[in-house]
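Let's take a walk through a protein together and look at its charged side chains. Have the structure open beside you as you read.

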Amino acid sequence: HEVAHQWFGNSVTARDWDDVWLSEGFATYFALLYREQFDGRDAFASALQQNRTEVLQASRKLPDVPVIHRQIDDMGAVLNTFVYEKGGWVLHMLRGEIGDEAFWRGIQEYYRRYRDSNASTDDFRQVMERASGKDLQWFFAQWLTRGGNPTIDATWRYDTSRKAVALTLRQTHAGAPYRLPVEIGLVTGGTTATHRVLLDGASTSVSFDLAEAPRA
C-alpha cells in the first residue's frame with residue numbers, strides 16, 4: 001500500500017483533500033493487485049470481498065457519506081472506509097465497465113500526464129473517457145459523489161408453457177435508481193448458466209429460455 005503511494009499519492013497528488021481517494025483508493029486497489037500477482041486470484045477476490053463487507057458496514061452507519069468529500073472542513077475526518085476500500089472498489093468496477101485494455105491504457109496515461117503534479121477526480125475521469133471512448137460522468141457521479149449503496153430485491157418464476165424463466169429485479173433503496181450490471185445464475189442439474197443484466201431503472205424484468213425449471 002505504501003509503496004503504491006510512490007506513484008499515486010506522492011508523484012500524482014490529489015489537488016484537493018476532497019479528492020483524497022485518488023491517493024488512498026488507488027493505493028488500496030494496487031495493493032490488492034500485488035496480492036493477486038504473488039498470492040493468486042483467490043486471494044485477490046477474498047480481499048475484495050472483505051473490503052466490500054467493510055464498506056457495507058460503514059454505509060449502514062453513515063448512509064449519506066460519499067467517496068469524494070463535500071468541502072470537508074474537519075481534517076480529522078478526511079480518511080475513512082469510503083476513500084480507502086470503496087475507492088478501491090470504484091477502480092475495480094471501472095475496470096469492469098470499460099474493460100482491461102482501456103483501463104490500463106487510461107491508468108498509464110493518467111500517471112504520465114500528472115506525474116510530479118496535481119490531479120482532480122475530474123481530470124482522472126476525462127483521461128479514462130479518452131482511453132475508453134465512453135462517457136463516464138454517470139459512473140463517477142453515481143459511485144463517488146453519492147452516499148450509500150444499491151439494494152436489490154428479486155423474484156422469479158418458471159413459465160412452463162413458454163419454457164422460460166421470468167425474473168423481476170427492483171431497486172429498493174431510497175433515492176434514484178443506480179445503473180449497474182448484475183449477473184444472474186440459473187442452476188439446472190449440475191451446471192449454472194450465467195446471464196448479465198443491466199439495471200437502469202427502479203424495476204427491470206427479463207426472461208430466459210430454459211427447457212426445464214431451474215433448481216435455483
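Which side chain meets that of Arg105 in a salt bridge? Its partner is Glu101, and the pair is joined at 3.5 Å, N to O. Keep in mind as we go that this is a predicted model.

Find the two residues on your screen. Both Arg105 and Glu101 belong to helix α4, which covers residues 100-114. They sit four residues apart, and that is about one turn of the helix. How open is each one to the surroundings? Glu101 is exposed, because its relative accessibility is 63% and exposed means over 50%. Arg105, with a relative accessible area of 39%, is partly exposed.

There is a simple idea behind such pairs. Side chains of opposite charge can pair when their charged atoms come close.

Now look at Asp100 and find its partner. The side chain of Asp100 forms a salt bridge with that of Arg95, at 2.8 Å from N to O.

Next, move along to the strands. Glu183 and Arg196 also meet through their side chains in a salt bridge, at 3.9 Å from N to O. Glu183 lies in strand β5 (residues 180-188) and Arg196 in strand β6 (residues 191-199), so this pair ties together parts that are 13 residues apart in sequence. Glu183 is exposed, with 57% relative accessibility, and Arg196 is exposed at 57% as well.

Salt bridges can also be joined up. Glu109, Arg112 and Arg113 are linked in a network of them. Over the whole structure, there are twelve salt bridges.

Let's finish with a charged residue that tells another story. Asp159 lies in strand β3, which spans residues 152-159. Is Asp159 buried or exposed? Asp159 is buried, and yet it has no salt bridge. Which side chain of opposite charge is nearest to it? That is Arg157, 4.0 Å away. Asp159 does have a polar contact, though: its side chain makes one with the side chain of Ser161, at 2.6 Å.

Terms used
Residues numbered from 1 in each chain as written. Predicted model: local features only at pLDDT ≥ 70, side-chain atom pairs only at ≥ 80, totals over all residues. Heavy atoms only, no water. Helix = DSSP H or I, 4+ residues; strand = E, 2+ residues; numbered from the N terminus. Buried < 20%, exposed > 50% of the residue type's maximum accessible area, 1.4 Å probe, protein only. Lys, Arg positive; Asp, Glu negative; His and termini not counted. Polar contact = N/O pair within 3.5 Å; in protein donor to acceptor, adjacent residues only side chain to side chain.
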